[in-house]
Protein chains: 2
Amino acid sequence: MAPVALNPQVSEEISSAQKITFGKFLFQRIKSLGVDSIFGVPGDFNLKLLDYLYEIEGLNWVGCCNELNSAYAADGYSRASNKLGVLVTTFGVGELSAMNGVSGAFAESVPVLHIVGTSTRKQKQAKSALHHLVPSASCFKEPDHYVYEKMVAGTISCHVESLFDLDTACDQVDRLIKEILIQKRPGYLFIPSDFSDELIDPSNLISNPGSNLFPTPFFSNQTDKIVEEILNKIYNSKFPTILGDIFVDRYQLVDELRNFAEKSQFPSFSTYMGKSILKENSDKYIGDFLGAESNTHVRDIMLKSDCILHIGGFLNEINTGHDTLYNDIDSDSVVFLHPEYVKIGNGEIYYEPFMNVLPLLLERFESLKVNYSNIKDISYKPEYNAIPEPSKDEIKTPISQGFLLKSLQNFIQPNDLVVCDTGSFMFGLPDLRLPEGARLLGQHFYLSIGYGMPASFGASIAVRDMKLQALANKTEKKFERVVLIQGDGAAELTIQELSNFMYHEDLNPAIILLNNNGYTVERIINGPTMSYNDIRSGWKWSKLLSVLGDENCLRHDSHEIVEKNDLVKHFNEFNKDKDNNKVKFAEIILDQFDVPWRLKFMTKRN
Amino acid sequence: MAPVALNPQVSEEISSAQKITFGKFLFQRIKSLGVDSIFGVPGDFNLKLLDYLYEIEGLNWVGCCNELNSAYAADGYSRASNKLGVLVTTFGVGELSAMNGVSGAFAESVPVLHIVGTSTRKQKQAKSALHHLVPSASCFKEPDHYVYEKMVAGTISCHVESLFDLDTACDQVDRLIKEILIQKRPGYLFIPSDFSDELIDPSNLISNPGSNLFPTPFFSNQTDKIVEEILNKIYNSKFPTILGDIFVDRYQLVDELRNFAEKSQFPSFSTYMGKSILKENSDKYIGDFLGAESNTHVRDIMLKSDCILHIGGFLNEINTGHDTLYNDIDSDSVVFLHPEYVKIGNGEIYYEPFMNVLPLLLERFESLKVNYSNIKDISYKPEYNAIPEPSKDEIKTPISQGFLLKSLQNFIQPNDLVVCDTGSFMFGLPDLRLPEGARLLGQHFYLSIGYGMPASFGASIAVRDMKLQALANKTEKKFERVVLIQGDGAAELTIQELSNFMYHEDLNPAIILLNNNGYTVERIINGPTMSYNDIRSGWKWSKLLSVLGDENCLRHDSHEIVEKNDLVKHFNEFNKDKDNNKVKFAEIILDQFDVPWRLKFMTKRN
């Protein structure tokens, strides 16, 4: 998270001589971090605070339909922009509803600031039995106004600040933000609802500009040694490879990794969560490596490696192909680079962030010292490169996930930002090869279904904000189209947020809704025909956009697609009209038991 | 919660000699408490458990669109049936999403059993880094498989049982259910996902039938004395009154309270949360008493009382008219009867449940000893009794909340079960006089918007179950129509659950959707024209039912209503077609600043 896009006006506008309201301080601080949009749902404990958001030029309130959706949206905003995601909710009812979204951000290391409007200081002191506040277990005990704060401290947040004392409030805000930016995890700010009008000394904004809150690189006295040791291992290797992983993105080292891949010309791979971090349109990009769950051609090449540079690695069940990532690989071959440590083969652990190591590795790497004999001819081009025209025989046949995957392979355009929700189709993604500049975003470890719709909305707002900022700064910037892929079962959970795409006039994502009549991923795991895997039937998905805000179809283009020829036709049209001002929506009818090979393989193994 | 409607087959079906699966035990146990439907969302950590639900005859799985909705539905089921509400969710993603719904049930003393499918025992022991599970704060520490359990223990639940040891599992289940039934609050049951297939000794089901788990009345050695003291206070009073409150319903003493009101002929009132506990069609029912927020005629009469029997009282901000309930009332005049204590005027506190006291009070009360001189002529009849036919001049004018309230006064039929969501209109409810047998259900203290739609769905399932049970038992039973009243801002949060009414063929509620273009209740509190109080615009509410499952309008009847004459017409039609098999939906267009007088009064005062 680089200190880019900061607002230079902050220190000019505000002089330390003049006190400002706490509300203004807070939102000015957030704006000074480069954040342009804040998500949430209003409630009586945060309304007065929200008034001050409007005082900050260029900062937008983005209301969501409910709090879980707003948490997902803030998460999607952060992932898409690599900035802080911010959401505001109200005491109890709001903050608790958002909890699963915040937990997902915690699990996947997404920096989110969750601001909660709470009871007033007076109400806290009086221990009033307020609405939105659970009573104590005993009727003889007053309610605990901090009960919700205790639930998230040390569980799904990296840091919590609860404001009460005006003198320390600004420092508390800054300390919290700093922790969130360092730890890349959600933090909570609890603000009494009588707090926002209070006047405070704004000196923090002047003495400590937003850029100061971002973590600064440091080099320990062991960095050189570690880099040298890794380089030696590379130079002594017969088959060095690169395995890019998710923390490379979180710590904004994608360019460094790509440059290293380019400079070294090593065969490169990404993990499941790391997908799209490396340039997949490079011949040297072999494919997505998921241990036993990889494509055979991918795994065969990886297993030859005697030096796997696993960079920004995140070890968890899903990202390791259900704990098979290093199966049949000599542990001494793995160089593991993590945000908190580095491990070179079977050597000792160095407590050194990979963020220190990777830039130096790139700088000092000398290709002349590498033995390229075994890897120089290793390359891979995917089989399919165009939306497959269905043959005459199959033109009117149902669409399989396999056909869809092939079609998506070409539907996805350079610089697309693809959001894929949890579901059966997700497990086909590693077989997709993304074009130049395309990114994939998803909650591929925490796996909360329903994440996709609001997260892609948040990502769309982030793309819009980046576009506006580029226009304002007259900088050139590639603009991304957001593509959401989501199953019907997952979509039901958070469907109302669909309306927000049309409510915001400048959004035009493509939404691919896979209608396979229920929770297909669960049908594969257990109870294929059990009614618990059914969902509410008969939804007319393709008509939803008309009903949820765009009755006259001015802002959307929506189709129900049953046959292969229609799929090809509409995908081509969507791409032709890519830049028009419409939300494109394709409901694709699939068989309820048709899934990617990988999902069947996984469930058989586990 | 009386031990009615138990399944007598339990002990016959199961012999202690034969072991049964834990899954079967659990659902048999739940069924033995009279529960017929279980709500939730499937997930890979609960699928195998759910298989066993289908083995229990008469127990239904009711899938919901998301977990928050399923928690609200279980809450609504419990309130409508006075049985245990049960929901099943999955590890992390599911249980956290449901949290705000469970918290609301805790706040308002609704007995809900939340069953969570968790990681297997093996995974817990290995401390595996599983999907759905947040990692530890430190990457050097394994994840805590109990992290979510710790969040709810001692905060929003009355009891938590986490299963691991097969030998104690059945006792743990029974202990938990007992606690929930005693404390009338939610409890959590965490079940490892490898647990349901395991064989256990079913002896608990035989030795300890469902009825044994319900709290049994007990009489302390002070009960007589307390009852006598209260009776003396009544007999010495010049103006005794009854103030019915919510715990009378929770502890199933509505009949006793109504009989006492009938026998005593005292002027009677209910609190905000207690609405519909007393027979509001009685002349002796004066109205809803909310302290300073009462109607003047109601408050004037109450202030004359020198003996207010506040029965089943719940003291909190909303239910006390923002802490004005006893304003201008001599504290020595109040007899406060609570589930855990009784306080007679300024006397000492007796730690005696009112559940012991009320039945004896009813039994021993002698009207001959009462001085009726001041109260015998006190009675009240509401002003309006028919849907007001709009005059010729106003027939095409917009609908006000005042006109709507008058119209509802007659639209609501005897035995209707009215669910009103949080919103501006809610504060007009105390001016409504419910007909014979009609009930009001709402989250009128915790006030989480969005509760209404899923809760009324859960209540509808409860009514259906009671109907089926009455049919099976050939008992006579009045069947209720469910009427939901909800604003547009609130409806957006949980709108997907609308589809579930049509998915279940035997449900036919009337849904009154108040479209006032945003969060009107918040516009009154702060920022009347601020954009944070807007919602996503342009929804075609009345077309939602076609899109969410009933395209051909076979199961619903839906109207957008702008003018008074249309409102009268459709309300009359809805009542005429009350028993047909259709969901009736009326979207009523209201002005965004038009609210009940009480809301304006409240916000001006606070």
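Me: At roughly what angle do the axes of helix H4 (residues 67-81) and helix H17 (residues 452-473) of chain A cross?
Reply: Helices (H or I, at least four residues) and strands (E, at least two) are DSSP runs, numbered from the N terminus. Axes are lines fitted to C-alpha atoms, for helices over the stretch in contact, with angles from 0 to 180 degrees between N-to-C directions. The axes of H4(A) and H17(A) come within 6 Å, and they cross at roughly 45 degrees.

Me: What pLDDT do local features need in this predicted model?
Reply: Residues are numbered from 1 along each chain as its sequence is written, while chains are lettered from A and ligands numbered from 1 in the order in which they are written. Side-chain values use heavy atoms, leaving out hydrogens and water, and in this predicted model side-chain atom pairs count only at pLDDT 80 or more, totals for chains, interfaces and linings use all residues, and local features need pLDDT of at least 70.

Me: Which class of angle does the crossing at roughly 45 degrees give H4(A) and H17(A)?
Reply: Angles under 35 degrees count as roughly parallel, over 145 as roughly antiparallel, 65 to 115 as roughly perpendicular and the rest as oblique. The axes cross at roughly 45 degrees, which makes H4(A), relative to H17(A), oblique.

Me: Is the crossing of H4(A) and H17(A) left-handed or right-handed?
Reply: A crossing is left-handed if the near helix is turned anticlockwise from the far one by less than a right angle, and right-handed if clockwise. For H4(A) and H17(A) the crossing is right-handed.

Me: How many nonpolar residues are in the contact of H4(A) with H17(A)?
Reply: Contact means heavy atoms within 4.5 Å; the residues making it include Tyr72(A), Gly76(A) and Ala80(A) of H4(A), and Phe457(A), Ile461(A) and Asp465(A) of H17(A). Ala, Val, Leu, Ile, Met, Phe, Trp, Tyr, Cys and Pro count as nonpolar, Asp, Glu, Lys and Arg as charged, and the others, Gly among them, as polar. The contact has 4 polar and 1 charged residues, and its nonpolar residues number 11.

Me: Which strands stand at the edges of the open sheet of 6 strands in chain B?
Reply: Two strands pair if DSSP finds at least two bridges between them. In this sheet the pairing is parallel, in the order S3-S2-S4-S5-S7-S6. Each edge strand has a single partner strand, so one side of each is left without a neighbour in the sheet; these are strand S3 (60-63) and strand S6 (159-162) of chain B.

Me: What angle does the direction of helix H4 (residues 67-81) of chain B make with that of S4(B)?
Reply: Strand S2 (residues 37-40) and strand S4 (residues 85-90) of chain B are joined by 2 bridges and run parallel, with Leu87(B) as the bridge partner of Phe39(B). H4(B) packs on the sheet and touches S2, S4 and strand S5 (112-118) of chain B; the angle to S4(B) is about 165 degrees.

Me: Which residue of strand S14 (residues 342-344) of chain B stands opposite Phe336(B)?
Reply: Strand S13 (residues 334-337) of chain B runs parallel to strand S12 (residues 307-311) of chain B, with 4 bridges, and here Phe336(B) is the bridge partner of His310(B). S13(B) is joined to S14(B) by 3 bridges in the antiparallel sense, and the two form a hairpin with 4 residues between them. In S14(B), the residue opposite Phe336(B) is Lys343(B).

Me: How many of the 6 residues of strand S18 (residues 482-487) of chain B are buried?
Reply: Buried means under 20% relative accessible area, exposed over 50%, partly exposed in between (1.4 Å probe, protein chains only). Val482(B), Leu484(B) and Gln486(B) point one way and Val483(B), Ile485(B) and Gly487(B) the other. S18(B) is largely enclosed by the rest of the structure, because the number of its residues that are buried is 6.

Me: Which residue is the bridge partner of Gly487(B) in strand S19 (residues 510-515) of chain B?
Reply: Strand S16 (residues 417-420) of chain B pairs with S18(B) in the parallel sense over 4 bridges, and Cys420(B) stands opposite Ile485(B). S19(B) also runs parallel to S18(B), joined by 5 bridges. There, the partner of Gly487(B) is Leu514(B).

Me: What is the relative accessible area of Phe365(A)?
Reply: Phe365(A) is in the loop between helix H15 (354-364) and helix H16 (401-411) of chain A. Leaving aside neighbours within four places in sequence, the residues in contact with Phe365(A) include Leu231(A), Tyr235(A), Phe260(A) and Tyr372(A). Phe365(A) is buried, with a relative accessible area of 2%.
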